[in-house]
Each structure stands twice: as structure tokens, then as C-alpha cells.
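Colleague: Could you take me through this one? I have some questions about particular places in it.

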Amino acid sequence: MAGAEGAAESFAPNAFVRIGADNRVAVVIKHVEMGQGTYTGLATLVTEELDADWNQIDSVGAPADGKRYNNLNWGPMQGTGGSSAIANSFQQMRMAGATAKAMLVAAAAQSWSVPTAEISVSKGVVRHDASGKQASFGDLAELAATQPVPDAEKVTLKDPTEFTHIGTSLPRKDLGKTDGTAVFTQDVQLDGMLTALVAHAPRFGAFVKSFDAKAAKASDGVVDVIEIPTGIAVIAQDYWSAKVARDKLDIEWDQSQAMSRSSEQIMKEYRAQSKKKGSVVRNDGSASDALASADTVIEATYEFPYLAHAAMEPMNCVALVNKDGCEIWNGEQFQSIDQMNIGKLLGLPVEKVKLNMLFAGGSFGRRANPASDYLVEAVHIAKAKMGTPIKLVWSREDDMHAGYFRPAYVHRVRGGLDAEGNIVGWEQHIVGQSILTGTPFGQGIKNGVDHSSVEGASTLPYAISNIRVDVTSTEEKVPVLWWRSVGHTHTAYSTETFIDELAAKAGQDPVDLRMKLLDGHPRWQGVLKLAADKAGWGKALPKGWGRGIAVHESFNSYVAQVAEVSVAEDGKFKVERVVCAVDCGVPINPDVIRAQMEGGIGFGLAPALFSAITFKDGKVVESNFHNYQVLRINQMPDVEVHIVPSTEPPTGVGEPGVPPIAPAVANALAAATGKRYYSLPIKV
């Protein structure tokens with residue numbers, strides 16, 4: 001995969017477009033491609049305004065440069081996350097394409113001595129119909145480079161009615177993943193490169209007391225064994241040699257301050273805390289008075305375990321440190337932060353930390369780490385081996401034992417109904433670790449509230465006059481990180497199953513109740529109605545089947561899902577069918593949107609049905625896919641995705657497909673069994 005610096009540069013009108021004499025157009029993508037389709041979506045925006053031929057477009061990864069490639073939603077920082085790639089780039093990439101087109105047209109007008117207004121561009125060909133002259137972009141590239149860059153206010157973007165690429169399912173630009181030509185970090189091979197593995201502490205909070213590396217150093221292929229702040233690094237000619245030698249290390253760990261609790265102990269404490277008051281997140285009306293005077297009050301305590309990211313490509317990084325600076329090869333999600341952390345470690349300005357952006361084999365938030373954990377680890381090793389490229393590899397077992405996790409949470413929810421079945425009060429207390437605490441993002445915590453812990457609950461749109469939401473942020477030694485959809489992964493479950501339970505208690509249809517409570521929220525109602533209609537809500541199901549619905553907004557996209565489940569007499573159940581409706585504003589590429597909804601559903605079904613990270617005596621019990629199960633292909637339900645037509649600005653689709661699936665399944669199970677399910681993974 002060519003990087004931006006390798007792209008043809010006969011004509012480079014801005015940071016995002018490169019056109020060569022060979023007529024290839026390189027679109028420089030500032031966001032990492034980790035399966036979410038950003039190399040396709042952002043290239044589509046440029047292609048649309050440039051009027052290029054899709055087949056002449058190449059997507060290339062941008063170098064780390066926060067000044068040119070910052071995420072416009074995040075301020076002066078380059079990074080990918082929060083389903084923000086399309087949302088922050090929509091106008092920017094269109095402007096880049098339109099500007100380039102204006103300069104190509106100016107070049108043609110100069111060359112042919114005709115007015116620019118008489119020139120048209122279509123499918124990568126510039127034409128002057130009156131004279132019959134035409135030229136390719138490549139023919140005009142050199143002359144276009146001499147044209148003045150037009151002021152932004154003089155560049156006209158297309159009216160949406162003129163779109164020919166946006167809204168169509170163009171083939172993806174990361175198809176090299178299907179034939180093995182796509183380059184991931186694991187594919188990087190450099191002259192003299194060595195491979196490193198690190199022995200990490202068995203419990204979080206432990207550190208090396210002493211170690212004996214004699215046997216490891218004597219192992220075949222081993223070059224060196226060194227201590228770094230996070231453990232003992234074995235450096236070898238290849239992965240297997242490093243793995244074998246690491247197993248021979250004799251390390252004494254100081255575990256006096258290490259994590260020692262079990263998951264059940266943590267949950268027990270969280271359950272107790274959930275019955276107290278926390279930091280107030282939202283306080284509409286008086287929930288306590290409303291519940292005190294309610295005709296009926298129901299209460300539920302929800303439990304959500306720690307979760308691993310479990311990306312298909314384990315964490316890895318290639319680092320080279322020499323007298324000139326540091327060079328990194330990686331699927332980068334947090335370029336600016338990684339540059340800063342590495343520069344701080346080496347005492348270098350960020351400009352001396354060069355990052356080569358590669359594909360990432362999944363992330364789900366794991367590669368967006370404010371501490372740059374595995375990158376910094378790689379640089380520590382590379383610093384000790386100046387001039388030698390080091391490929392650091394964390395096996396999946398390494399990451400599941402010593403990595404970062406979605407925090408565990410307990411939610412206590414109380415709801416009240418009046419005699420007519422109206423919801424009169426709602427109280428929710430969320431207890432769990434803050435993701436932001438101790439990170440550069442911690443300044444976003446206000447009055448004890450980390451909004452990433454409560455998003456989705458704090459913004460509950462239902463028309464309930466009296467709502468109070470509290471949060472208690474706990475302190476554990478477990479490293480935590482955002483996980484695909486972040487707080488919405490647990491808040492959607494508690495809010496959407498509890499509203500369903502209230503509907504049942506009130507004797508109301510769950511779709512009708514939601515529609516009533518969402519009056520004034522047309523985009524919520526739109527996806528809810530579309531999903532219900534397409535699923536045949538209300539139609540009879542076979543015996544033993546149940547149908548459930550959930551609707552949720554995350555990252556400014558609206559998703560409703562209807563799940564159908566079958567339950568056997570022995571209690572085993574299967575998710576048979578999911579109907580999904582999504583409103584993400586202007587749909588850039590319907591096929592990518594469908595893929596993200598399908599992928600989100602499969603991803604979200606795993607923690608609903610199987611996945612959990614548990615602790616016993618302070619150690620992580622799970623280690624790989626055999627005991628941290630993710631959804632397998634034969635467990636994937638039939639999925640239908642319906643996209644709401646929209647003229648609203650486009651939003652993201654990488655994450656919003658995840659939150660509604662677990663509550664939709666739980667509600668379907670409740671319909672089939674008459675029982676409610678308050679813990680994930682669901683145990684029927």
C-alpha cells in the first residue's frame with residue numbers, strides 16, 4: 001500500500017489530492033482504515049466533487065501531521081474514533097476535490113484558450129464540447145499545478161441533487177484485504193529487523209522484582225533480553241524464537257500492590273454503591289417525589305462485565321530509533337497522541353517522530369490509547385537497540401491478560417407508573433470505572449461526571465417529566481479504555497430493556513409506547529417505525545419464538561433493531577433474524593452502511609451471548625477465543641438493513657449498530673419466556 005509520500009505529485013493542490021501524469025488520483029486519507037470503510041467513504045467525497053472516474057482513484061494513508069490532518073471534531077489533533085471520519089470530513093474532502101477540479105478546468109481553459117464556463121468534467125475527462133477538445137487529468141496535471149489555488153468562497157460544491165457518486169455503493173478501496181495485498185503491521189519486513197515479545201506481570205499493579213534471563217538468552221534465535229518499565233522484553237530473530245525464550249524467563253514479581261479481587265467481589269461492591277447517591281448527571285423534575293407517589297414502582301439492577309477488544313489482528317508495532325529520530329509502522333488510531341508520547345519518551349519534537357500509516361486489522365477502540373501503551377513499549381525496546389528496527393508483537397493472550405478493557409458496570413434503575421400506565425418517574429445510578437480519569441482527556445470530567453460512562457442514559461429522549469441519572473466512578477487497578485460505542489454499550493441495554501419492562505407492566509405495546517414517548521423526535525421515530533414495519537411487528541411467530549425491539553442514538557446516528565429469537569424446551573436459544581433501520585444523514589455508500597450495521601450486530605451479539613472478561617484472585621481468567629468467545633459465522637442471524645433517506649449532514653456508522661442489538665435480543669427473549677434478563681452475557 002502506497003503512503004501519501006509515495007503518491008504521484010505532479011499536481012498536489014491541497015493536503016488531500018495528488019494527481020500524477022499517469023492519470024492516477026491519490027486521495028490522502030487522514031483516518032485509519034480498520035474495517036469501517038473510511039478509505040472508501042472519504043475517497044467518494046473527493047471523487048464526487050472532482051468528477052473523477054472511480055477506477056482512477058487510489059486511497060493512501062496520510063502521514064502523522066496534526067496541523068494538516070487533524071480531526072475537525074476534536075480540535076488540533078489527528079485521530080480516528082467516535083464514528084467521526086465522515087462526519088468531520090464531509091465538507092473538507094468535498095472542498096479538496098472541488099478545488100482540484102477548478103484548477104484542472106483553469107489549466108484546460110488556458111491550454112485551449114477557451115472560457116472556463118464552457119468546460120465540463122465527467123468521469124475523469126475534461127472537455128470543451130464546442131471545439132471537441134478533451135484531456136485527462138494526467139494530461140493537465142503539470143499545467144494545473146501552476147494555476148492559482150482558488151479562494152474557498154469561490155469554490156462551488158455540488159447541490160445534493162447533482163450527486164453521482166455519493167449515495168451509490170461504489171466498490172471498496174481496501175479490497176487488498178481479500179487477496180492478501182493489503183499491508184498490515186504484521187506484514188512489515190525491514191532489513192535487520194528483530195522481533196520482540198514482552199513478559200508482563202500476571203496481575204495489574206505488579207512489577208518486576210528480579211529476573212534470571214540465563215536460559216532465555218541461551219535459547220535459539222535470541223539476541224537479547226532487557227528490562228523495560230512494563231516487563232521483560234525478549235528480542236529475537238523471529239516471533240517463535242522470542243516466544244520460546246520468553247517462556248524460559250525466571251521472573252520474580254512484586255505483587256504487594258497488585259490487583260487481587262475477583263469479578264464477583266467487584267460487582268458486590270458496585271451493587272452496594274448503586275443503592276447510594278452518586279454524582280448527579282441529569283435531574284429533571286423530582287424523580288424521588290414521582291416514584292414515592294407512583295401507583296407502581298419497579299426496580300432492576302443490571303450487571304455488565306469487563307470486555308476485551310479482541311481485534312482479529314493482535315496489537316503490534318514496528319519501531320526504529322536512530323540519531324535522526326524515530327520511525328513507526330502501525331495502524332494508527334491516535335497519531336497526534338502517539339507522536340507526543342513517543343517524543344516525550346525520546347526527548348524529541350513530534351516532527352522527529354514519523355508514523356507510517358498502515359491498515360489495522362480491527363481495533364474497536366484498542367488502538368486509541370491515551371497512553372500509547374504498546375507503541376511506547378516498542379520504542380523503549382527500539383531505543384535500547386538503536387538503529388535496529390524492532391517488531392513488537394502482543395499475542396492475543398498477552399492482550400487479554402495485560403491489555404485494556406471496557407469497564408464493568410452496575411446500573412440500578414427504578415421506574416414508576418401511575419394508575420393509567422403512564423411513566424411518571426425514572427431513576428438510574430451507574431457505577432463503574434471512568435475511562436477518562438488519569439488521561440489527557442480527564443479535563444472533560446466535570447463535577448465527578450465522566451460522560452463516556454453515562455452517554456445514552458443522560459440523553460434519554462423519552463418524554464418522562466421526572467428523570468434523575470447519577471454516576472459513581474470507581475477506582476480499580478484494571479486498565480480501561482473505550483470499546484466500540486463506548487458508554488452506549490451498556491446504557492442502551494439498561495434503558496431499552498427497562499422501558500420494555502415498564503411497557504409490559506403498563507400493558508402497552510412496546511413500539512406504541514416508544515412512539516408516544518418520542519413525540520418531537522422524528523429521527524428516533526423514523527427508524528423505530530421503519531424497523532417495526534419491515535420486521536412485521538405484531539405478526540404471529542412460531543411457537544417458542546419471541547420478538548423484541550430497541551432504539552438508540554449514538555454518535556448522532558439513529559438505529560432501531562428488531563430481533564427474533566427461538567427458544568427450545570431445554571432453554572437454549574438462537575437469534576434467528578434481525579431487522580435494522582438506520583438514519584445516518586446523507587448515506588455516502590449504502591453498501592458500507594449495511595456492512596457496518598451487520599458487523600455491529602455481530603459484534604454486539606458476542607457480549608450479549610458469550611463474551612466476558614472475569615477476574616479470579618486478581619488474574620484475568622480468559623485468554624483467547626476458546627474461552628472469550630466472539631460470534632462465529634454459523635451463529636450470525638439473518639440480517640436486513642434499511643437506510644432512512646435523508647438530507648441531514650452525514651454522521652458515522654462504525655459504532656451505532658452495536659448498542660441496540662443486546663436489548664433487542666433480551667426483549668425478544670422476554671417475549672418468548674416471560675422472564676427479564678439483567679446481566680450480560682444473557683443466561684436463560
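Colleague: Where is Gly278 found?

Modeller: Bear in mind that this is a predicted model. Gly278 sits in the loop that runs between α7 (263–274) and β12 (279–284).

Colleague: And what does Gly278 touch, leaving out residues up to four places away in sequence?

Modeller: With those set aside, Gly278 touches His429, Arg468, Asp470, Val471 and Thr472. As for Ser494, its C-alpha is 18 Å from that of Gly278, with the two residues 216 apart in sequence.

Colleague: Changing topic, how many disulfides are there?

Modeller: The count comes to zero disulfides.

Colleague: What is the bridge partner of Cys326 in β17?

Modeller: That partner is Val353. Strand β16 (residues 325–330) and β17 run parallel and are joined by five bridges, and together with helix α9 (residues 335–346) they make a right-handed β-α-β unit.

Colleague: How many residues of β17 are buried?

Modeller: Four of the five residues in strand β17 (residues 353–357) are buried, which leaves the strand mostly covered.

Colleague: What about the loop between β17 and α10?

Modeller: Ser372 is found in that loop, with α10 covering 373–384, and Ser372 has a positive phi of about 50 degrees although it is not a glycine. Most residues other than glycine have a negative phi. At 1% relative accessibility, Ser372 counts as buried.

Colleague: Which loop holds Ser83, and what is its phi near?

Modeller: Ser83 lies in the loop between β3 (57–61) and α2 (85–112), and its phi is positive, near 50 degrees. Since its relative accessibility is 12%, Ser83 counts as buried.

Colleague: How many residues of α1 are buried?

Modeller: 13 of the 13 residues of α1 are buried, so the helix is largely enclosed by the rest of the structure. Asp51 follows α1 and has a positive phi, near 60 degrees.

Colleague: Moving to the largest nonpolar core, which residues touch the most other members?

Modeller: That core has 73 residues, and Trp426, Tyr493 and Val665 are the ones that touch the most other members. A second, separate core has 55 residues, among them Val28, Trp54, Phe90 and Val121. In soluble globular proteins, nonpolar side chains tend to be buried together.

Colleague: Back to Tyr493, what does it touch, not counting residues up to four places away in sequence?

Modeller: On that basis Tyr493 touches Tyr302, Phe304, Ala662, Pro663, Ala666, Tyr677, Leu680 and Ile682.

Colleague: What joins Leu680 and Pro681?

Modeller: A cis peptide bond joins Leu680 to Pro681, with omega at about -5 degrees, and Pro681 lies in the segment after α17 (661–673). Most peptide bonds are trans.

Note on methods: Residues numbered from 1 in each chain as written. Predicted model: local features only at pLDDT ≥ 70, side-chain atom pairs only at ≥ 80, totals over all residues. Heavy atoms only, no water. Helix = DSSP H or I, 4+ residues; strand = E, 2+ residues; numbered from the N terminus. Contact = heavy atoms within 4.5 Å. Disulfide = S-S within 2.5 Å. Buried < 20%, exposed > 50% of the residue type's maximum accessible area, 1.4 Å probe, protein only. Pairing = 2+ DSSP bridges. Right-handed = clockwise from strand over helix to strand, strands pointing away. Core = buried A, V, L, I, M, F, W, Y, C linked by side-chain atoms within 4.5 Å.
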